[in-house]
Amino acid sequence: MAEDECVTTANDTIEMMDEASLLAGLEGVAPQTKASVWMRPVEAVAALLLVGIIGLLLTGVISRYVFSLPIVWIDEVASISFLWLAMLGAAMAVDRSEHLRLTLFVGMLPRGTREFASRLTMLLVAVFLGVMLRPAYEYAIEESYITSAALNIPMSFRAAALPAGIALMLILAVVHALKGANFRHVVISVALIAAVTGLLWVAAPALKGIGNWNIPIFLVGFVALFLMLGVPIAFCFGLGTLAFLSFTTSVPVFVMIGRMDEGMSSIILLSVPIFVLLGCILDATGMGKAIVEFLASLLGHVRAGMSYVLLGSLFLVSGISGSKVSDMATVAPALFPEMKRRGHKPPEMIALLATGAAMAETVPPSIVLIVLGSAAGVSIAGLFTSGFAIAMVLLLVLAVLARWKSRHESMAGVKRVPLSVIKKALLVAAPALVLPFLIRTAVGEGIATATEVSTIAVLYAMIIGMVLYGGIGANRLYAMLVETAALSGAILMILGAASAMAWALTQTGFAQQLVQAVQGLPGGWLTFMGVTILIFMVLGCVLEGLPAIVLMAPIMFPVARSLGINDIHYSMVVVTAMNIGLMTPPIGIGFYIACKIGSVSPDAAMKAIWPYIGALMVGLLLIAAVPHFSTVFL
């Protein structure tokens, strides 16, 4: 894989999706744009923070496990640095237009209307940030009265990241909204926002009187409207929650800042940017390509062999990068030419690539599993252990279908690779093959946390990449650090806003009402599993994994527990259903990413993917109905 492709890694769609994003609502607004010149110092600070966090965590791991001398202040410094990294990264994502958004509906509009929608969405983002700036400042002032346990310094050093980041994002949002704008569009947008705000203010007493009917109006209707307009997902949640609290309750907006802080700064989430960086390193060093070539030498001579290699490569590469797009972009260029030569049709190859990536999402280190563990209070070690077993179930059903599909595959001229070539390929791939099992074993056996393992994996990959795979140049490494910071900021901003929205939902008593309603359904826990599958498949199509999990986990997991469903079992059903939705056309954004990577028309691939979606559904129903698949290795 070309070294240039690495920076797109974990979410992955920023540079690969111009045409596809308009067709299908991919996660980035546009192809990646260069940063503003005056933002370069911010990028440098963010890159240094990321390096500092990795260095701190590595120091803590070495001190604890090698010298048995835990350094108590490391977690505090890492936590402070992490919130600053998140907020600066979120601002960088605004500047680069890398905040995740749905562009399916906006892409259908005429060009002039689309430009108007673009100005309107940036002004809506600016309104949210402008309203939140004062509460964020007040929150930081309040935190100054609290001192940290280890360093004994005011917590305002940490909390100041919130007003600083919000202020920077506000400036950037206004600049983007006005830059090259049609003055008439700006005036109409401002007037429209002011008119709607005024109507809501007038209607506030009546809205407070209708109680929980405000949930579908604000937390469903408004959020859906903002999504359709192309407002970045994080700000859709933020605007919906802000309107809900402001016009239907007496809860001060100040509370939102605390909830956002809590949602985006859990110590577990420290591993997210580090695993994103690990995916970059995987691509840049060619470690993933080495795994693909070894599997091809081992299985390429059998019927359906290249399909098995594709699925196996996705399984193993996913265990290193934690990123669906990084996985697909690593595997497809290495295998597609040979698959075409053997008579595989490009639409079938795309179908297998997309569903294979969905299968591999539960293989550690999955960022989705880490976020789920944080949001739902589920053991990360348990999720990592179970994730391997669940991926194997899905791998099996896809492999069976691939074998049946390949019954007419041309094997003319295909020969078994000599043992000497297999040995050489294994020797080259061995250091890369060790990594996914190192990660799974270390976390699953309780040897180290997911965060600690992520730092060890980055160090391992850097050293192995340098010694055996050619290393990474200084400029390339810096670009990777900057891109990781921006992507992580975009992800963490979604988590913070979704946490605030989930808190607002739970405060209404909606979760308790849902528990009572579900407990009254016929069929008990199996019916609830069916409802779960439907909900998360739909959310997977529209929102992608992380926001859907943070939003729904606080509501759905208590219901599952009340029905006696094991947390790990339920987590596997949730993640699998969501990933199937992600790859299901006509809305599933992952499907269009796969089409873009494989240069295949979505219309052609759409006809081919349904049998593979059906196979995944069979696997999902088995996972949902048989808890043993999820809990057998716990």
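A residue is buried when its relative accessible area is under 20%, exposed when over 50%, and partly exposed in between (1.4 Å probe, protein chains only). At 9% relative accessibility, T451 therefore counts as buried. The model is predicted: local features need pLDDT of at least 70, side-chain atom pairs count only at pLDDT 80 or more, and totals for chains, interfaces and linings use all residues. Residues are numbered from 1 along each chain as its sequence is written, and side-chain values use heavy atoms, with hydrogens and water left out.

**Overall build**

- The protein has 27 helices and 0 strands. Helices (H or I, at least four residues) and strands (E, at least two) are DSSP runs, numbered from the N terminus.
- Along the principal axes, the C-alpha atoms fill a box of roughly 75 × 55 × 55 Å.
- Of the 634 residues, 59% are buried.
- Among contacts (heavy atoms within 4.5 Å) with a separation of 6 or more, 82% join residues 24 or more positions apart.

**Around T451**

- T451 sits in helix α19, residues 450–468.
- Beyond its neighbours within four places in sequence, T451 is in contact with L57, I267, I268, L270 and S271.

**Helix α3**

- Helix α3 covers residues 74–96, and its 23 residues should span 33 Å at 1.5 Å a residue; the end C-alpha atoms are 32 Å apart, which agrees. The expected span is 1.5 Å times one less than the number of residues.
- In α3, 20 of the 23 residues are buried.
- Just after α3, S97 takes a positive phi of about 55 degrees.

**The second largest pocket**

- On a 1 Å grid over the protein atoms alone, a pocket is an open set of points with protein on both sides within 12 Å along at least five of seven lines; lining residues have an atom within 4 Å of a point.
- The second largest pocket holds about 540 Å³ of space.
- Its lining has 23 residues, and L219, V220, L539, L551 and M552 lie nearest the centre.
- Helices α8, α20, α21, α22 and α23 each supply at least two lining residues. The largest share, 7 residues, comes from α8.
- The lining divides into 22 nonpolar residues, 1 polar and no charged. Ala, Val, Leu, Ile, Met, Phe, Trp, Tyr, Cys and Pro count as nonpolar, Asp, Glu, Lys and Arg as charged, and the others, Gly among them, as polar.

Methods. 1 Å grid on protein atoms, 1.4 Å probe; cavity = no way out; pocket = protein on both sides within 12 Å on 5 of 7 lines; lining within 4 Å. Points joined across faces, edges and corners; volume = space filled by probe spheres on them.
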